[in-house]
Amino acid sequence: MAERLTPGDQAPDFILQDKDGKEVRLQDFRGRNTIVYFYPAASTPGCTKQACDFRDSLASLQGAGYEVLGISPDPAKALAKFADTEGLTFPLLSDEDHSVAEAYAAWGEKKNYGKTYMGLIRSTIVVDPEGKVALAQYNVRATGHVAKLRKDLKLDQ
């Protein structure tokens, strides 16, 4: 399991397929600030709330110079349905083997109702224009996360 990323670390590069099967590379976003957020499962209540918060804040985030990428272990077909149902216009990327989540330390041990298992840890990594980690947040809450992220990035001043 990878160690958690911290500001100044090089963000692990990746190539993943989006909801339409098109390859998306982190490298394609060089020169821009990029919010990479990991969520456990498309179309679940918490993940829908978080995705819709990003959707509703997308214009102001982009206006402040930030792109948004959502990554989950869902197959592309599930991501396409999620995006269509919720009107999500930012890229949703499929990480079915969770290799990218592992590289970002967003895959690990979780506990639920006394059971321990491996799964996706809701996390957000902000990558700066040079490909370095600017901000790394792990175990974030779905509700209110985008507002907290905006505050942490000093976008609401």
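I took contact to mean heavy atoms within 4.5 Å. The model is predicted, so I kept to its limits: local features need pLDDT of at least 70, side-chain atom pairs count only at pLDDT 80 or more, and totals for chains, interfaces and linings use all residues. Residues are numbered from 1 along each chain as its sequence is written, and side-chain values use heavy atoms, with hydrogens and water left out.

**Entry 1: Glu102**

I looked up Glu102 and found it in helix H3. Helices (H or I, at least four residues) and strands (E, at least two) are DSSP runs, numbered from the N terminus. Setting aside neighbours within four places in sequence, I listed Ala2, Asp97 and Trp107 as the contacts of Glu102. Ala2 and Glu102 are 100 residues apart in sequence, yet their C-alpha atoms are 6.2 Å apart in space. For exposure I used these classes: buried is under 20% relative accessible area, exposed is over 50%, and partly exposed is in between (1.4 Å probe, protein chains only).

**Entry 2: two positive phi values**

Next I checked Ala105, in the loop between helix H3 (99-103) and strand S6 (107-112). Its phi is positive, about 60 degrees, although Ala105 is not a glycine. Ala105 is buried, with a relative accessible area of 5%.

I then noted Ser43, another residue other than glycine with a positive phi, here near 65 degrees. Ser43 sits in the loop between S3 and H1. Its relative accessibility is 48%, so Ser43 counts as partly exposed.

**Entry 3: strand S3**

How many residues of strand S3 (residues 33-38) are buried? I counted 6 of the 6, so the strand is largely enclosed by the rest of the structure. Side chains in a regular strand alternate between the two faces of the sheet. In S3, I saw Asn33, Ile35 and Tyr37 pointing one way and Thr34, Val36 and Phe38 the other, all of them buried.

I looked at the pairing of S3 next, where two strands pair if DSSP finds at least two bridges between them. S3 runs parallel to strand S4 (residues 66-72), joined by 6 bridges. Ile71 in S4 is the bridge partner of Phe38. Between S3 and S4 the chain passes through helix H1 (residues 45-63), and I recorded this β-α-β crossover as right-handed (with the strands pointing away from the viewer, the path from the first strand over the helix to the second runs clockwise).

With strand S8 (residues 123-127), S3 pairs in the antiparallel sense over 5 bridges. Here I found Thr34 opposite Val127 of S8.
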